[in-house]
Amino acid sequence: MVKPNLNYATDDRFASTTQEFLAIENLTKTYKTGDGGQATVLDGINLTIRENEFVAVIGHSGCGKSTLLKIVAGLEKASSGSVRLQGKEIRKPGADRMMVFQQYSLLPWLTVRENIRLAVDEVLGHLPPAEKKQLVNEHLAMVNLTAAANKYPDELSGGMKQRVGIARAIAIRPIMLLMDEPFGALDALTRGKLQRQVLDIWENQRQAVMMVTHDVDEALYMADRIVLMTNGPAASIGEILDVPFDHPRNIQEIRELPAYYELRNHALNFLDRHFSQDD
């Protein structure tokens, strides 16, 4: 299950991969401050992500993790540098990238089925009605929500709402899934179940995933690589860790491996060092 040799990449050049699917080059993001100056949030970000690769981004609050994700989503613009998906510059949101937020972002006046169907109608409107219905039903089943299809968001638990958001995101067949702390608002038991469900979906329906998280264990369980961010302001990529566990993964099995704790301690020590440097 475990490949030999752990790779701790400490230079941005190590972020390069053999298949360049998403390419972030020399990305910088600055904001204007109230006194007329500028504050740099991200400084010199270089990262490539392979097709079908699951990458987790970890760092302390304020290091620009979510900002980086929003730039990839096209919701914000970089101040300089470039972000390319399959060779094309990202300049605006697109159906090729879908984002799952920590907040559930469901329309309260629509049922579970209707929330998912709305996205399918918007992006895949060319499909026949029967095919769109089948697509919605398939994704309801994929996240175990068939029985709740006609319920409204205020009738759902937090975990169920997040499953609707995930089903809505993947139902339109994006080539990249972006997740901003998607399990952060959930209790520990629900979080673990939903992590496993998302992994099951990804392992059977591969696509590129970029996930922001604060949880080292979550990243080790789910990701192929972990991007460790330095503190803000002017945050950059400090290290990139290769996670050497094959998919599909069993959380109990990998937690018994020495490599798991070596990686976990390495990531936590990195975060502790940078936390102590914070002003």
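Start by selecting Thr111, in the loop between β7 (97-100) and α2. Keep in mind that you're looking at a predicted model. Is Thr111 buried or exposed? Thr111 has a relative accessible area of 7%, so it counts as buried. Now show what surrounds it: setting aside neighbours within four places in sequence, Thr111 is in contact with Ala149, Asn150, Lys151 and Tyr152.

The crossing of α2 past α4 is right-handed. To see the contact itself, show side chains for Val112, Asn115, Ile116, Ala119 and Val120 on α2, then Val164, Ala167, Arg168 and Ala171 on α4. What kinds of residues make up this contact of α2 with α4? They divide into 7 nonpolar, 1 polar and 1 charged.

Next, the salt bridges. How many salt bridges does a search of the whole structure find? The total is 12, and here are a few to click through.

- Select Arg196 and Glu203: their side chains meet in a salt bridge, 2.8 Å from N to O. Glu203 is buried, at a relative accessible area of 16%.
- Select Asp224 and Arg249: in this salt bridge the closest N and O atoms are 3.9 Å apart. The pair links distant parts of the chain, 25 residues apart, with Asp224 in the loop between α6 (216-222) and β10 (225-229) and Arg249 in the loop between β11 (237-242) and α7 (251-254). Asp224 has 18% relative accessibility and counts as buried; Arg249, at 4%, counts as buried too.
- Select Glu239 and Arg273: they form a salt bridge whose closest N and O atoms are 3.7 Å apart. Glu239 sits in strand β11 and Arg273 in helix α8 (residues 258-276), so this pair ties together parts that are 34 residues apart in sequence. Glu239 is buried at 8% relative accessibility, while Arg273, at 40%, is partly exposed.
- Select Arg50, Glu53 and Arg225 together: salt bridges that share partners join them into one network.

Now for some backbone geometry. Zoom in on Gly232 and Pro233, which are joined by a cis peptide bond with omega at about -5 degrees. You'll find Pro233 in the loop between β10 and β11. Then jump to His247 and Pro248, where there is a cis peptide bond with an omega of about 0 degrees. Pro248 lies in the loop between β11 and α7, and that loop also holds Arg249 from the salt bridge with Asp224.

Last stops: two positive phi angles. Asn52 isn't a glycine, yet its phi is positive, at about 75 degrees. Look for Asn52 in the loop between β3 (38-49) and β4 (54-58), where it is partly exposed with a relative accessible area of 30%. Then select Glu181, another non-glycine, with a positive phi of about 45 degrees. Where is Glu181? Glu181 is in the loop between β8 (176-180) and α5 (188-204). Glu181 is buried, with a relative accessible area of 18%.

Terms used: Residues are numbered from 1 along each chain as its sequence is written. This is a predicted model: local features need pLDDT of at least 70, side-chain atom pairs count only at pLDDT 80 or more; totals for chains, interfaces and linings use all residues. Side-chain values use heavy atoms; hydrogens and water are left out. A crossing is left-handed if the near helix is turned anticlockwise from the far one by less than a right angle, and right-handed if clockwise. Helices (H or I, at least four residues) and strands (E, at least two) are DSSP runs, numbered from the N terminus. Contact means heavy atoms within 4.5 Å. Ala, Val, Leu, Ile, Met, Phe, Trp, Tyr, Cys and Pro count as nonpolar, Asp, Glu, Lys and Arg as charged, and the others, Gly among them, as polar. A salt bridge is a side-chain nitrogen of Lys or Arg within 4 Å of a carboxyl oxygen of Asp or Glu. Buried means under 20% relative accessible area, exposed over 50%, partly exposed in between (1.4 Å probe, protein chains only).
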